[in-house]
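Biologist: I am new to this structure, and I would like to learn how to read its charged pairs and one of its helices. Could you take me through them step by step?

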Amino acid sequence: MIEDILPAEVASAEAFNDSLEGPLYPEEAAQIARAVESRRREFTTARLCARRALARLGLPPVAVPPGPLGEPRWPAGVLGSITHSTNYRAAAVARSADVLALGIDVEPDLPLPEDLLESIASPAEHARLLDLEQAAPSPVNWGRLLFSAKESVYKAWFPQGRRILDFFDADVTFGPPLGGGDGSFRAHLLLTPLERELGLRADYSGRWLARGGLLLTTVVTLAPARAPRPEVVIGAPQGASIGAPRLGGYGAVL
């Protein structure tokens with residue numbers, strides 16, 4: 001399912017239950033030694049998905065332990081992202097020579113509580129969501145989708161910025177939904193003066209998919225040699241969690 005909104009340069013694997021079989025590496029098992037059973041199952045399945053995705057890149061199986069802030073620690077030369085929700089786990093990986101930024105997220109396709117929406121959406125974003133709710137031909141839980149998009153942006157940002165973002169540090173704009181229950185979005189990060197001076201990336205684009213009771217979002221920035229060249233058409237017009245929420249506030253960096 002998630003491969004439908006990922007480019008060919010990204011390999012992925014997903015599971016809709018915890019029936020995948022395989023051991024954890026010692027450094028992975030140590031992270032969940034005291035976790036409840038449900039957490040152990042989702043963590044294990046997500047790591048098995050990660051190894052399947054790595055295999056699809058032609059890479060050997062390795063441990064993917066979490067770092068200090070819960071981020072997956074991938075082998076050298078690899079970017080990746082992990083996500084999970086009820087009855088769904090997924091991992092996506094790419095070679096860093098092909099992809100500069102990568103983030104994925106999944107959320108249940110359910111309305112976001114209004115009080116939480118106020119904590120993650122700026123007034124401008126809230127207004128845009130209301131416009132989409134009125135214009136969309138089929139219902140989409142736009143508030144929940146905004147939450148997921150910001151999670152994906154955060155995961156794509158983190159390897160370069162190494163800073164936890166606030167939800168209001170990212171401004172997300174959705175494009176009109178497409179006919180297949182999917183669409184696109186773009187995000188602009190409010191970087192610090194030092195981050196701007198260092199040339200850190202502030203703009204990201206992503207895809208989303210609503211299917212099977214789930215909302216999936218992906219953010220991928222291709223390396224310049226891999227990025228598709230824009231088509232030139234003669235005569236075409238030009239330019240025609242919770243509490244104090246943070247991106248990753250549901251522990252979704254993983």
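Modeller: Let us begin with one pair, keeping in mind that this is a predicted model: the side chains of R128 and D171 meet in a salt bridge, with 3.1 Å from N to O. R128 belongs to helix α4 and D171 to strand β5 (residues 170-174), so this pair ties together parts that are 43 residues apart in sequence.

Biologist: Are R128 and D171 buried or exposed, or something in between?

Modeller: Something in between, because the relative accessibility of R128 is 26%, which counts as partly exposed, and D171, at 27%, counts as partly exposed too.

Biologist: What is the general idea behind such pairs, and which residue forms a salt bridge with E125?

Modeller: Side chains of opposite charge can pair when their charged atoms come close. In this model, E125 forms a salt bridge with K150, and their closest N and O atoms are 2.9 Å apart. This pair, too, links distant parts of the chain, since E125 sits in helix α4 (residues 123-135) and K150 in helix α5 (residues 142-161), 25 residues apart. Both E125 and K150 are buried.

Biologist: How many salt bridges are there, and which residues are linked in a network?

Modeller: The count comes to 13 salt bridges. One of them joins the side chains of R41 and D18 at 3.8 Å, N to O, and because R41 lies in helix α2 (residues 37-56) while D18 lies in the loop between β1 (11-15) and α1 (26-29), the pair ties together parts that are 23 residues apart in sequence. R41, at 38% relative accessibility, is partly exposed, and so is D18, with a relative accessible area of 28%. A network of salt bridges links D18, E37, R41 and R89.

Biologist: Turning to the helix, what span should the residues of α4 have?

Modeller: At 1.5 Å a residue, the 13 residues of α4 should span 18 Å, and the C-alpha atoms at its ends are 19 Å apart, which agrees.

Biologist: Which residues of α4 are buried, and which are exposed?

Modeller: The buried ones are E125, H126, L129 and L132, and because they cover an arc of only 120° around the axis, they are on the same side of α4. On the other side of α4, P123, Q134 and A135 are exposed.

Biologist: What do the buried residues of α4 pack against?

Modeller: They pack against α3 (114-120), α5 and β5.

Key. Residues numbered from 1 in each chain as written. Predicted model: local features only at pLDDT ≥ 70, side-chain atom pairs only at ≥ 80, totals over all residues. Heavy atoms only, no water. Salt bridge = Lys/Arg side-chain N within 4 Å of Asp/Glu carboxyl O. Helix = DSSP H or I, 4+ residues; strand = E, 2+ residues; numbered from the N terminus. Buried < 20%, exposed > 50% of the residue type's maximum accessible area, 1.4 Å probe, protein only. Expected span 1.5 Å × (residues − 1). Arc of directions from axis to C-beta. Contact = heavy atoms within 4.5 Å.
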